[in-house]
Every structure is written in structure tokens, then in C-alpha cells.
There are 2 protein chains.
Amino acid sequence: MAGTVRGGLSRRGLISSVGAGAALAGGLTAAFVGDAASSGNASAVDDLSYPFEGAHQAGIVTPAQDRLHFAAFDLDPRATGDDLIALLRDWTDAARRLCAGSGAGPVGPLSGSYDAPPDDTGEAIGLPPSGLTITFGFGPSLFTDADGVDRFGLAARQPDALRPLPHFPADKLNHLASDGDLCIQACAQDPQVAVHAIRNLTRIAMGRAAIRWSQLGFGRTSSTAAAHVTPRNLFGFKDGTMSLRAEETPAIDEHVWVRPGEAKASWLVGGSYLVARKIHMIVETWDRSSLREQERIIGRTKAEGAPLSGGKEFDQPDFALPGRGGQPLVDPTSHVALAHPTHNSGVRMLRRGYNFVDGNDALGRLLAGLFFIAFVTDPRTHYIPLQTKLSQQDLLSEYLQHIGSGLFAVPPGVGPGEFVGQALFA
Amino acid sequence: MAGTVRGGLSRRGLISSVGAGAALAGGLTAAFVGDAASSGNASAVDDLSYPFEGAHQAGIVTPAQDRLHFAAFDLDPRATGDDLIALLRDWTDAARRLCAGSGAGPVGPLSGSYDAPPDDTGEAIGLPPSGLTITFGFGPSLFTDADGVDRFGLAARQPDALRPLPHFPADKLNHLASDGDLCIQACAQDPQVAVHAIRNLTRIAMGRAAIRWSQLGFGRTSSTAAAHVTPRNLFGFKDGTMSLRAEETPAIDEHVWVRPGEAKASWLVGGSYLVARKIHMIVETWDRSSLREQERIIGRTKAEGAPLSGGKEFDQPDFALPGRGGQPLVDPTSHVALAHPTHNSGVRMLRRGYNFVDGNDALGRLLAGLFFIAFVTDPRTHYIPLQTKLSQQDLLSEYLQHIGSGLFAVPPGVGPGEFVGQALFA
């Protein structure tokens, strides 16, 4: 690997080799990398590595890692189409290396030359790959900017679905922390590895693109959790019970990947759309509501996550089943009732969000919530109708504020020698 | 355990029992808690639990966990001395429960009554204790406020060392994100567990105290790292090589714990002082400097962390050893030269800081840095002189801005039936 440098220390210390040629589709298959320093099984989860190349970008159906660093970028006003292509090529090269546990640049964090800045910033030296995935997306403004200008000659290839999300009732968006020409989702078991990836990709972009907004997230109990343990959001409820699972291949094909059809979106076939919503959860108010009220609003029990109509977490709710007084046990305006696929034309999402805490406000209230990420085949069918309904009717809305938003087209995966989004420029 | 509630689900799911009676000193000894859902050794690190009670508070010499949530609180202007005592009593009770893997309140996250808010917010249901420690501190303003008022009748017991830190050259402090009447340091392997602790302790304080400022941090490679692996800061260098280690008992006694002597500080004997400094690291500028320059500024190699005079990381620097041209190999104004105990009257610190990233500024630069925490026996000998020197001479200062600051007295540990800081009110 390129990571071996002066002094014989490799980029992440003790990683011997990574099977980078495997190019496994969609990151579903993971390679375990030996680590001579590890003491037993405890390090196995951190030593997980996913190949960057594949039919789909990794970080979509890849089992969700514990930590997130997400960044949206705006291109420099002076950047040309050639600059954009060069940036995507440089980012792809760096992402290949980073996901394999190497440095961001060809030399690594301990530059061969003492008299030049190292081509990697070094804070991940000695850390295992930690299941890092790096997923790139293109925002609507890459094709048509706010003034309708076709900045890079790409407007003719802008998919109809890739338009700024509409204003939803009760949106309180910070527009400086929304949208963006490009986005990168970096996920890893270790936040330092995710931060290292975003930081180095930001550095590579210098002079061509700069971060517009960014978000750190956490929220998985632990990579050691048994499969199918639904994580909890900061309202204390399991969140994502109905989310698509990676192994539901036919459903993933139907609800996540972009299929052939629209000519100008041909470059996006095999890709997806990433919907990002930063949702401030007003935890102080929520915490003052009774358990009964909390469960009524969600439509599920807090302990098990079971529908209030009975059964276990993964049993389907019975929306007709009456309780005392003849009212349905599951309130029709509960979150589960409004969001359930049976009430939304069968639509399902692959959710991949994270909890966040961004400190506190001047009154000492936590700036906490959910950084919602969903991957869908088409936001016009799979997100906008549902969010329109939720923002109008959901009992939960009283406790939520949508403060950030973004929609990005996520190109398909990258083959050997290719750069991400290459088909867009063909 | 109190955590067993409706439906037979315990506070953190599958934890069978925790040996809470052990009251082991300083959290140096850890109990492993069985987790029926775990698959092999991989979960052992998360199942680590430390008793809250002991001769010293846990979270000081406890091996540093991966994640931090730190919060400083101000008491409500209307709060009385009795309110303060009641708060400390309530916080202590909750901390005992939380560190044992139970809920914040006596009932747990799934309240016995449907018609009352649960006495725990629930986002840690099912999570193991994750090595949680909760450490409480008292700021100077608890004793004498900015106007010199003795708010709670405690001024006569304010230690001479517990005064606001002086202004250091180049300080750019945000005073709204500095100081505070009280502080809580919550550390855990899982950020959701640390956040859960701060959130519930904040909720318990409602009407009596509110968060003034707070900070999330990360920065340990992994709980699986071998002992004595020095973590790296966001300049890519190992940080804390010279920090005191828990097993250096005589040195810990000398440099960390408050010893008997000053009558008005008798309540603090066996405690310590926590120095918190939020240090913004200007990573974009640093990343443009050559490896030679970076190593000269630190005084150590980037790869190994060895002194530039030669040897390995833990070898002592030879500050006199000349290189080419007769100049010392270790620059006298390098960080290691200025900070080394031999140049500071033998003073050593127990460092326990974390890296942080708080998003980005309007120019796309990461708001990244080090949340420095050190525990010392006396800030007048163990922090102020060193920081005065560093802020004037350290080559590293060009790349740093101190933007937040706090000094807190950390009372000794709590015995059965006691509350934290109880001796202060005796």
C-alpha cells in the first residue's frame, strides 16, 4: 500500500494489507483487516473496512456505523467545469485511500519531504479503518444556481427530481446551514476517523470548494449490538423500526436505487437521492409530557417499540383495532399512523440518520435532535408527500423544528480508474 | 435494581446486577457487568462500569473513556443555600444510579405511572453502562459572585486557589462559554450514554440551575487500544505523552489531590482542581506548514512522538544536545521544551482532554480543537505559571486560540449516604 513511509510506519500503523481489488457491490461485504496490536476480539469491529469501489457507493446499504461527519460544500464562484471534474477526481482518489486505511494523499501522513506539508493531516495515524465509508452527492445548485444560471453546462442533465425541496409548513430553516453544491457523508465507528476524512477532503478542495455547513452525529449504541437492534432517538423511543434493511434486496431496488427511464438522469442510474433534514427536538418540553402522551404521539410503546395495537416491535400495527370508548388504539395522527407505508402508497425509505447535540442555547436548553438522512429512489414520491403530511398533522410536530435541509443526487458506485459522478460528464 | 419496571424490562435492558457496594477508591477498579445479548468479547469494553462512590470522585484517574459531554451550570438567581444542597443531593443520587447502569430517577425510564412524565428520558434504554463516570466541580462564583457577594454563605470556605484564572496573553475568551457555578464532566465509551447523563442531570436541576455552556468531545482511538497508546490531537501529533498516569500513585498524590493544610479548604482534601480550556486549533494554517516546521514547533517527531533529540516517545528529551550549527535539536521555544516538568519546577498534570469539532465558520473553516482538561493539586503552582509562559513563548501559540476557560474545585469522593461536596456544608 501507498501508506508505507519514512521510518517504516504505515498510514494507520499496523494494517498489513487491504483487499482493495474486490470491488464488492454496495459495500455489503466487508473485509476484516488484521491488527497486530489488538488484544482479542474487542477490536474486530473497528478493524472493519469497506471497499470504496462497487456498483453502488458505500455508506447507503452499508450497516450504519456509530458516528457521522457530514459536510455540504459550495464551489468557489470562480471554479470552472474542469475544476469540478478535477476535484471529483482528487476526492475519489483520496476516498479510495482513506477507506482502505491509508492517508488522504499518495505519500501519507508523514510526507517523504520534511520541507513540504504532509499530504495527510495525521490525526488518524495508528487508527484502524473503523468501517469508514465516504458517500458523495450533488445538489441542485450544481446544475442550476439560485439565479437560474447553468454554471457548469450541466443543466441539461439535471434530473427533474433534483430540485430544491419545497417549503414545508413549520419549517424554520437556517438557509446558511441548508443545501449546497456537493455533499460528503463520512461514517465510521470512530468519530476521529470520520472527522479525519472530512477534514482531509476539505483540505483537498481548498481554492475550489469550501464547506457550507457540516454536522457531527452519533446515536448507535455500539457496533457490538446485535443486528436489528433499533437505536433510540433523543425522545427515548426506538427510531427507524420501519426503515428498509440492507438485506431486503427487492425492496431496496424498488425504493432506494434510481432506475433507468428519464434520459437526462441516465448518469444517476444505480444511484439514489439523499434527503438530509436537521431536526431540532425540543427535549425539555417532551420530557415534561406523560408517558401516556409520549406513547400516544409516537403510536408505539416506549419500552419495546411495539405498536399500541399490541404485539412486538416488528409486528404490523392494526390501525382499526379499537380501545376503550371505541377509539383506535393507535391514534390516527400518531407518528406511526401517518408515516406507515400502508398510508403512504407503500413508500418506504432507507433511513440512516444520527442523533446530535450541538451544545446549548442562552437559556441552557440543549441544541439536540435528529440529523435525519434518508436514501430514496425519488424524493417526489418517497419524501415530499410524506413530509407534507407529517408537517401538517403529526402530533410530534409540536416538539420538533426542522432547522436544516438538503437534497442531493448520489451517483452510482465507482469502478477501477473512474471518479465519482463520471457518467455525468460523459 | 431500581431499574426493573413495567414489562420486566430493566433500565438498561439486560444488565443483571452491579456491585455498587464496593466503593472502590477513585474508580481505579472496574466491574464487568454481564450482558446476555453480547456476542463474545467485543462488548466487554462497553459493559465496563465504575462505582460512583469512593475516596476520590471517578473520572479523574479512571482510564479516559472515548467520549465526553461536559457542562457548566449557573444556579438560578433565586436559589438558596438549601436549594444548592438539595440539588447536590439529587445529583448525587442520580449519578449513583446512572453509573450503575440504571435510570436517572428511582423509577427508571419507563415510569410506573402512565400519567406522569418518566423520571428518566429513555435514550439509554438497552445501552450498557459504557464506563460512565460523572465528576462534579464547584466554580469560584459559587463562593463569591462577580460583585463580591457571598451568595450561599460559603465565602469563608473558598480556597485561596479557587479564584478565576488570570487573563493570559492572547486569550480570546467567550465569557458566555467560560466559568460557571458548577460543572459536570460525564465520560463514557458511548456518546449517547454521556449525553444521557448530562441531559438527565440538567433536567433534575430545572428551576435551580441551568446549563451555562457545554462541550462534546471525542478523541481516543478506541477503547480497544492497548494501554499507554497516546491519542493524537487534531494537529496529528500524539498529545499527552508526559501526562501523569493513574498507576503513578506517589506522583498522583503529589500533583493531583488536594492535601491538608489550608483550613478553609479542608472540605476539599482528597479532591482536586479541574482546569478546562477550550482551545481552537487553526488547522488550516497548521496543515500548510512543512513537516519540519511542525516537528520543530512540537519538539517531537510526528510519527513516533519521540523527542527531536532522539529515542522513543517515552524517552526523556535531551535539551542540550546540539544539532547542525550547534543549535539544540529540541528548539528551546518548542512546546515540549517549554512544557517539560524539568523546566517547570517539576510540575506535572493529569491531563484528560478531548478533541472537538463544533461545525464550521462562515468561511468553511472547521471549528476544531482541543478541549483541554487537567486535574491538578493547585492551579497556582500547576497551571497558571506554565500557561503564562506558553502563551508568551510557545511556537505553537500562533496556531491556537484559547476561546473558553473554567476552573473548578472537585470535591473528594462520596461515601454511602453522602452527597458530593457534603463536607463544604458541614
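This is a predicted model: local features need pLDDT of at least 70, side-chain atom pairs count only at pLDDT 80 or more; totals for chains, interfaces and linings use all residues.
Axes here are lines fitted to C-alpha atoms, for helices over the stretch in contact, with angles running from 0 to 180 degrees between N-to-C directions. Helix H1 of chain B (residues 81-99) and helix H2 of chain B (residues 191-204) have axes that come within 10 Å and cross at roughly 155°. Angles over 145 count as roughly antiparallel, so H1(B) and H2(B) are roughly antiparallel to each other. The crossing of H1(B) past H2(B) is right-handed.

Which residues make the contact? From H1(B) come Asp90(B), Trp91(B), Ala94(B) and Leu98(B), and these meet Ala197(B), Asn200(B), Leu201(B) and Ile204(B) of H2(B). Sorted by class, that contact has six nonpolar residues, one polar and one charged.

Turning to chain A, there are eight helices and 11 strands. Chain A runs to 426 residues, and 56% of them count as buried. As for how the chain meets itself, take the contacts in chain A with a separation of 6 or more: 74% of these are between residues 24 or more positions apart.

Then there is the nonpolar core. The largest one holds 212 residues, and the members touching the most others are Ala194(A) and Ala194(B). Leaving aside residues up to four places away in sequence, what does Ala194(A) touch? Its partners are Arg67(A), Leu68(A) and His69(A), then Leu132(A), and finally Ala186(A), Cys187(A) and Ala188(A).

Technical notes: Residues are numbered from 1 along each chain as its sequence is written. Chains are lettered from A and ligands numbered from 1 in the order in which they are written. Helices (H or I, at least four residues) and strands (E, at least two) are DSSP runs, numbered from the N terminus. Angles under 35 degrees count as roughly parallel, over 145 as roughly antiparallel, 65 to 115 as roughly perpendicular and the rest as oblique. A crossing is left-handed if the near helix is turned anticlockwise from the far one by less than a right angle, and right-handed if clockwise. Two residues are in contact if their C-beta atoms, placed from the backbone, lie within 7 Å. Ala, Val, Leu, Ile, Met, Phe, Trp, Tyr, Cys and Pro count as nonpolar, Asp, Glu, Lys and Arg as charged, and the others, Gly among them, as polar. A nonpolar core is a set of buried Ala, Val, Leu, Ile, Met, Phe, Trp, Tyr and Cys residues joined through C-beta atoms within 7 Å. A residue is buried if 20 or more other C-beta atoms lie within 10 Å of its own, exposed if 12 or fewer, and partly exposed in between; C-beta atoms are placed from the backbone.
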